[in-house]
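Open the model in your viewer and keep the sequence panel beside it. We will go stop by stop, selecting as we go.

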Amino acid sequence: MKARLDSIDWQILKELQGDGRITNVELARRVGISAPPCLRRVRALEEAGLIRGYRTLLDEKQLGYEVTAFVMVGLHNQTENDLVAFEAQVKEWPLVRESYMVSGEVDFIMRCTAKDLETFQNFIIRDVTSTKNVDHVRTALTIRRIKDEPNVPIDKPEYF
């Protein structure tokens, strides 16, 4: 069920998505309400699960992670048990930072981050291709990031 949000809630979500470290006082100022009701609204949004958490975004290149790649995996079988087993394995791989089950020619797409090409290649050869039920694997190395926006596009005027 979709949440029923008013324009203030949408503005709060937009502001927090842009800066999760904003103070409640500054957030309240930006959305045009006082601090106590703003804090109540934020807590209600958290309790409703609309705000799933807060993260710090790190610069992977400055930390020595030179390779970002996408891995497309097709499975031999797609029974629910096979899908769940593969999903559980994906959750154990530290190089996989994001993963989706998709429709089409492949079953899963994973975004991976590695220190170097050798580490990524070893992961593909030793871990991914040797996993039970994996039929085929395709990879795509990124050249550069073009866009990096928050998860939900809340900046459209129709929300406010």
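**Stop 1: the sheet**

Four strands make an open, antiparallel sheet, in the order S2-S3-S1-S4. Helices (H or I, at least four residues) and strands (E, at least two) are DSSP runs, numbered from the N terminus. Two strands pair if DSSP finds at least two bridges between them. Strand S2 (96-101) and S4 stand at the edges with a single partner strand each, so one side of each has no neighbour in the sheet. Ignoring direction, neighbouring strands are turned by 20° against each other on average.

Before moving on, note how to read the model. It is predicted: local features need pLDDT of at least 70, side-chain atom pairs count only at pLDDT 80 or more, and totals for chains, interfaces and linings use all residues. Residues are numbered from 1 along each chain as its sequence is written, and side-chain values use heavy atoms, leaving out hydrogens and water.

**Stop 2: strand S1**

Select residues 67-75, which are strand S1. Is S1 largely enclosed, or open? 8 of its 9 residues are buried, so S1 is largely enclosed by the rest of the structure. Buried means under 20% relative accessible area, exposed over 50%, and partly exposed in between (1.4 Å probe, protein chains only).

Look for Ala69, opposite Cys112 in S3. Leu75 stands opposite Val134 in S4.

**Stop 3: the edge and the helix across**

Select S2 and S3. They run antiparallel, joined by 5 bridges. Find Tyr100: its bridge partner in S3 is Ile109. Next, show helix H5 (117-128). H5 lies across S1, S2, S3 and S4, at about 170° to S4. Axes are lines fitted to C-alpha atoms, for helices over the stretch in contact, and angles run from 0 to 180 degrees between N-to-C directions.

**Stop 4: the cores**

Show side chains. A nonpolar core is a set of buried Ala, Val, Leu, Ile, Met, Phe, Trp, Tyr and Cys residues joined through side-chain atoms within 4.5 Å. The largest has 20 residues, and Val73, Phe86, Trp93, Met110, Phe120 and Phe123 touch the most other members. S1, helix H4 (80-92), S3 and H5 each give two or more residues to this core. S1 gives the most, with 5 residues. Apart from this core lies another, of 13 residues, among them Leu27, Cys38, Val42 and Ile154.

**Stop 5: Met110**

Click on Met110, in strand S3. Met110 is buried, with a relative accessible area of 0%. Which residues is Met110 in contact with, leaving aside its neighbours within four places in sequence? They are Ala69, Phe70, Val71, Val73, Val90, Trp93, Val96, Glu98, Ser99 and Val128. Contact means heavy atoms within 4.5 Å.

**Stop 6: zoom out**

Colour by domain. The assignment gives domain 1 (7-48) and domain 2 (60-141). Such bounds come from an automatic or database domain assignment. Taken over C-alpha atoms, the two centres are 36 Å apart.

Last, select residues 5-66. UniProt places the feature "domain: HTH asnC-type" there, in an unreviewed entry. UniProt positions follow the numbering used here, feature names are shortened, and annotations may be inferred rather than shown by experiment. Over residues 5-66 the chain is 53% helix and 0% strand. The end C-alpha atoms of this stretch are 41 Å apart.
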